[in-house]
Amino acid sequence: MKTIPSLQSLLFELQKLPGIGPRSAQRLAQHLLKTNEKDIRTLSKSLVDLKSKVKKCIECFNLTEKESLCSICQDPTRNPNTLCVVEQPFDVFRIENCGVFKGRYHVLHGSISPLNHIHPKNLTLSELENRIKKSPIKELILAIDSDLEGDTTALYIVKMVQESSLKISRLASGIPFGSDLEYVDDKTLSQAIENRNYF
């Protein structure tokens with residue numbers, strides 16, 4: 001490999017991607033070597049377009065190719081009174097695919113994690129606070145991961161807006177659909193009991 005600089009360079013760049021180690025990089029490179037030049041150029045153009053065209057919405061910080069507001073923020077049929085707070089733009093895509101939520105979003109672009117040097121100032125939390133003050137928001141849904149960083153972020157947001165009269169909720173967590181109790185860990189089971197539904 002060291003005698004082929006272009007291949008060595010590709011392997012080096014591929015390993016910068018999350019979850020890609022030396023073997024995965026080699027498999028990807030091997031696949032790319034077998035791919036025709038037209039498809040390689042299309043992939044290359046997609047990567048360049050991703051960096052040059054995709055921006056953050058000036059209101060919700062979701063991804064968009066528009067200069068100001070994303071399509072969800074521009075949609076007059078969306079409920080402006082309900083705001084769903086998510087960690088990453090791809091969380092918006094997942095919730096949208098469910099087809100249930102009809103409100104608006106706010107993307108934090110991460111969660112508070114002091115060990116990883118991610119503090120409130122590194123997220124869009126101050127923008128969220130300003131948005132709540134200026135908008136007709138009545139309910140805040142925290143669609144944040146149920147882990148230490150997510151819990152820390154959720155608590156920070158709750159404290160940040162405690163003076164307001166907002167209704168605040170967090171996505172239910174517990175046993176996944178179709179699971180057997182014998183395979184569920186203790187923390188998930190305890191959350192399921194705490195978040196149980198009543199008939």
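Reader: Which residues of the largest nonpolar core touch the most other members?

Author: In this predicted model, the largest nonpolar core holds 17 residues. Strand S3 (82–86), helix H6 (125–134), strand S5 and helix H7 each supply at least two residues of this core. Those that touch the most other members are Val85, Leu125, Leu128, Ile132, Leu140, Leu142 and Ile157.

Reader: Which residues does Leu128 touch, not counting residues up to four places away in sequence?

Author: Leu128 is one of the core residues that touch the most other members. With residues up to four places away in sequence left out, Leu128 touches Leu83, Val85, His106, Ile157 and Met160.

Reader: How many residues does the other core have?

Author: Another core lies apart from the largest one. Among its members are Cys84, Val92, Tyr105 and Ala143, and its size is 15 residues.

Reader: Which strands stand at the edges of the open sheet?

Author: The open sheet has 4 strands in the order S4-S3-S5-S6, with parallel pairing. Each edge strand has a single partner strand, so one side of each is left without a neighbour in the sheet. The twist averages 25° from one strand to the next. The strands at the edges are S4 (104–107) and S6.

Reader: What angle does the direction of H6 make with that of S4?

Author: Helix H6 packs on the sheet, where it touches S3, S4 and S5. The direction of H6 makes an angle with that of S4 of about 150°.

Reader: Which residue in S6 is the bridge partner of Leu142?

Author: Strands S5 and S6 are joined over 4 bridges. Glu139 stands opposite Lys167 in S6. For Leu142, the bridge partner in S6 is Arg170.

Reader: Is Thr64 buried or exposed?

Author: Thr64 belongs to strand S2 (residues 63–64). A polar atom of its side chain lies 3.0 Å from the backbone nitrogen of Lys66. The relative accessible area of Thr64 is 9%, and buried means under 20%, so Thr64 is buried.

Reader: Which residues are in contact with Leu28, leaving aside its neighbours within four places in sequence?

Author: Leu28 lies in helix H2 (residues 22–34) and is partly exposed, with a relative accessible area of 35%. Leu28 and Leu14 are 14 residues apart in sequence, and their C-alpha atoms are 8.2 Å apart in space. Leaving aside neighbours within four places in sequence, Leu28 is in contact with Leu14 and Ile20.

Conventions. Residues are numbered from 1 along each chain as its sequence is written. This is a predicted model: local features need pLDDT of at least 70, side-chain atom pairs count only at pLDDT 80 or more; totals for chains, interfaces and linings use all residues. Side-chain values use heavy atoms; hydrogens and water are left out. Two strands pair if DSSP finds at least two bridges between them. Buried means under 20% relative accessible area, exposed over 50%, partly exposed in between (1.4 Å probe, protein chains only). A polar contact is a pair of N or O atoms within 3.5 Å; within protein, one must be able to donate a hydrogen and the other to accept it, and residues adjacent in sequence count only if both atoms are side-chain atoms. A nonpolar core is a set of buried Ala, Val, Leu, Ile, Met, Phe, Trp, Tyr and Cys residues joined through side-chain atoms within 4.5 Å. Contact means heavy atoms within 4.5 Å. Axes are lines fitted to C-alpha atoms, for helices over the stretch in contact, and angles run from 0 to 180 degrees between N-to-C directions.
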